[in-house]
Amino acid sequence: MGSITLKQVTKSFGKVNVIKPIDLEIKDGEFIVFVGPSGCGKSTLLRMIAGLEDTTSGTIEIDGKDATDTPPSKRGLAMVFQSYALYPHMSVRNNIAFPLKQAKMSPEEIETKIANAAKILNLDTYLDRKPGQLSGGQRQRVAIGRAIVRQPSAFLFDEPLSNLDASLRVNMRLEISELHKSLATTMVYVTHDQVEAMTMADRIAVFNAGIIEQVGTPLELYNKPVNQFVAGFIGSPKMNFMNVKSADNNPTATIGVRPEHLVISKDSGMWHGTVGVIEHLGSETFLHVHIESGDTLTVRADGNCDIQYGDKVYLNASPDKVLHFDANGLTLPLEAALKTA
Amino acid sequence: MATTNSRSLARLMLFPSVLLLLAWMIVPLCMTLYFSFLDYNLLTPGNDEFIGFVNYEFFLTDPAFIESFFNTLLLVTGVLFITLVGGIGLAVLLDQAIWGRNYVRIMVLAPFFVMPTVSALVWKNMLMNPVNGLFAHFATWIGVDPIDFFAQMPLFSIIIIVSWQWLPFAALILLTAIQSLDREQLEAADLDGAGPISKFLYIVLPHLSRAITAVILIETIFLLSIFAEILVTTSGGPGYASTNITYLIYTQSLLQFDVGGGSAGGIVAVILANIVSIFLMRLIGKNLEG
């Protein structure tokens with residue numbers, strides 16, 4: 001079991017409110033990702049759930065029981081740290097056995113659990129090495145192994161992949177997702193990388209400056225962001241934003257179009273501009289187009305596009321793919337925006 | 001970049017200072033070695049003839065040698081034990097977030113800046129004196145007989161004084177080591193269900209092993225040659241109860257004017273110090289690797 005409920009949770013360091021009142025329901029077995037720019041409070045909230053930080057006000061419930069003042073060890077949660085936090089003087093075997101020994105488990109039981117974890121994570125051959133002799137990915141696996149042997153009600157991951165190189169990160173991402181599917185345990189995962197969030201999450205909570213901007217499935221956030229911040233944060237490359245001249249009957253202050261929804265045309269279109277830097281990725285091409293209003297739009301085009309630096313192009317977007325934001329950055333309903341436009 | 005040219009030039013430039021340092025070390029050692037084979041007594045000058053290993057024989061068979069040898073060992077191990085246990089305790093305490101932590105840290109370090117003679121005098125006259133000392137006052141206040149520290153437990157008293165001087169050193173080195181401990185490891189241990197004692201035993205203490213090794217090695221070098229504290233307080237007495245090898249060599253060569261015998265003692269001390277250091281490096285030196 002592993003449902004976590006946050007009710008009006010806040011955190012202040014002195015006079016600084018790091019977490020403004022947050023309500024969040026994490027369902028049992030769910031993979032939820034906290035994503036947001038650095039300093040938005042997502043790691044602090046994770047540490048509060050773990051019990052490593054005190055909660056200033058509000059309650060944290062784990063499996064329906066108030067755990068706000070429960071010490072970390074009694075919450076039944078396991079955490080994987082950004083630095084892995086392996087014990088450097090212990091072998092991999094002892095690292096994984098440490099929580100079990102603390103729980104006064106019998107040696108035979110410990111041995112079977114270690115063997116089990118080692119099999120799941122492919123650690124068999126490394127069990128007698130020290131963490132210092134392992135590569136980053138292997139250390140990461142040991143940290144996960146140390147977490148899973150305790151059979152926690154939920155796993156907490158604090159930016160676990162940020163110390164790995166790009167290709168390893170993709171592999172570990174898959175492994176963690178795979179692990180979630182096979183264990184079916186609640187996982188709370190903190191990252192600043194929206195790609196990780198989109199690829200792994202059942203649900204994503206987008207954080208900004210101590211509040212949750214929006215919670216939803218990856219596609220909900222991608223298709224129906226509630227405001228300009230979420231729209232800009234989710235999706236890669238970033239959504240293009242253009243300011244619109246305000247009119248009395250038109251509440252739209254900014255419009256946003258994703259790079260993949262812009263279509264290049266040689267002869268006519270909504271926007272006209274000059275092509276700047278072109279990034280060829282093989283499978284796709286990113287064009288940076290300087291339009292007449294002075295904005296630069298990123299366009300995602302086909303991998304084999306033959307447009308050159310300095311070409312004049314027109315850009316088009318289907319009206320239902322354009323998002324409208326009001327002066328406060330809130331998303332306007334599409335029908336209303338289209339009617340007034 | 002180091003080319004062959006620049007490297008040989010570097011060697012050439014280093015040569016004079018290396019030579020000077022070598023001479024600085026070798027000349028006194030050789031002279032001591034030379035004196036140790038002579039019948040060299042300041043009371044009978046000009047009579048210094050070669051007598052082979054007689055000085056060594058006398059020094060090693062002297063009952064005072066055995067006693068002072070064990071005194072030296074007791075002094076070194078006693079002080080090491082007190083400073084390490086106390087130093088680890090202090091380091092753990094000073095690592096806590098307390099009010100005015102920086103001032104407390106400076107004050108803890110203060111005893112290290114006091115000269116050995118001065119601190120020995122302070123302990124002798126103000127604290128351990130059986131009539132005027134603070135401890136004596138305290139003893140009479142609670143109604144027991146004051147202890148005459150330097151008469152009843154001379155070596156122990158010296159161990160206390162020297163420990164007081166070296167405790168800050170150990171505490172400081174261990175404190176910096178504790179501060180370099182990754183906080184996430186402690187948090188991980190928290191989540192793994194480790195209590196304060198388990199965390200100390202399984203996380204903090206192993207992390208400190210290298211610093212503890214360094215403290216043991218450095219302190220041993222200095223503790224083998226403790227002298228001022230003994231001279232100021234007990235003068236090695238009563239009898240030879242608080243004489244260590246360093247002090248024995250001093251009495252031999254400067255109180256009995258037997259330079260030859262003192263030199264032999266000096267050479268014995270050098271050999272013993274080397275045995276101790278080889279032993280220590282074997283025992284704990286592997287902690288310094290990696």
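Two residues are in contact if their C-beta atoms, placed from the backbone, lie within 7 Å. With that in mind, the meeting of the two chains in this predicted model can be described: the contact takes 16 residues from chain A and 13 residues from chain B. On the side of chain A that touches chain B, strand β6 (77-80) and helix α2 (92-102) each supply at least two residues. The residues of this side divide into twelve nonpolar and four polar, with no charged ones.

Chain B is built from helices, 13 of them, and has zero strands. Along the principal axes, its C-alpha atoms fill a box of roughly 75 × 75 × 30 Å. Of the 290 residues of chain B, 31% count as buried. Among contacts in chain B with a separation of 6 or more, 70% come from residues 24 or more positions apart.

Chain A is assigned two domains, domain 1 (4-227) and domain 2 (237-340). The C-alpha centres of these two domains of chain A lie 37 Å apart. A helix worth a visit is α1 (residues 42-50) of chain A. Seven of its nine residues are buried, so helix α1 of chain A is largely enclosed by the rest of the structure. The buried residues of α1(A) are K42(A), S43(A), L45(A), L46(A), M48(A), I49(A) and A50(A). An α-helix has 3.6 residues a turn, so residues three or four places apart point the same way. Just after α1(A) comes G51(A), which takes a positive phi of about 95°.

Attention now turns to the sheets of chain A. One is an open sheet of three strands in the order β11-β12-β18, with antiparallel pairing. Strands β11 (240-243) and β18 (323-325) of chain A stand at its edges, each with a single partner strand, so one side of each is left without a neighbour in the sheet. Neighbouring strands of this sheet are turned by 25° against each other on average, direction ignored. Four bridges join β11(A) to the antiparallel β12(A).

Opposite T254(A) stands N243(A). With 16 other C-beta atoms within 10 Å, T254(A) is partly exposed. Leaving aside neighbours within four places in sequence, T254(A) is in contact with Q228(A), F241(A), M242(A), N243(A), V244(A) and F325(A). T254(A) and T331(A) are 77 residues apart in sequence, yet their C-alpha atoms are 9.4 Å apart in space.

Another open sheet of chain A has five strands in the order β13-β17-β14-β15-β16, and its pairing is antiparallel. Here β13 (263-265) and β16 (296-302) of chain A take the edge positions, each with a single partner strand, so one side of each is left without a neighbour in the sheet. The twist averages 45° from one strand to the next. Within this sheet, six bridges join strand β14 (residues 271-280) to strand β15 (residues 284-291) of chain A, and the two run antiparallel. T274(A) stands opposite H290(A) in β15(A).

Notes:
Residues are numbered from 1 along each chain as its sequence is written. Chains are lettered from A and ligands numbered from 1 in the order in which they are written. This is a predicted model: local features need pLDDT of at least 70, side-chain atom pairs count only at pLDDT 80 or more; totals for chains, interfaces and linings use all residues. A residue is buried if 20 or more other C-beta atoms lie within 10 Å of its own, exposed if 12 or fewer, and partly exposed in between; C-beta atoms are placed from the backbone. Domain bounds come from an automatic or database domain assignment. Ala, Val, Leu, Ile, Met, Phe, Trp, Tyr, Cys and Pro count as nonpolar, Asp, Glu, Lys and Arg as charged, and the others, Gly among them, as polar. Two strands pair if DSSP finds at least two bridges between them. Axes are lines fitted to C-alpha atoms, for helices over the stretch in contact, and angles run from 0 to 180 degrees between N-to-C directions.
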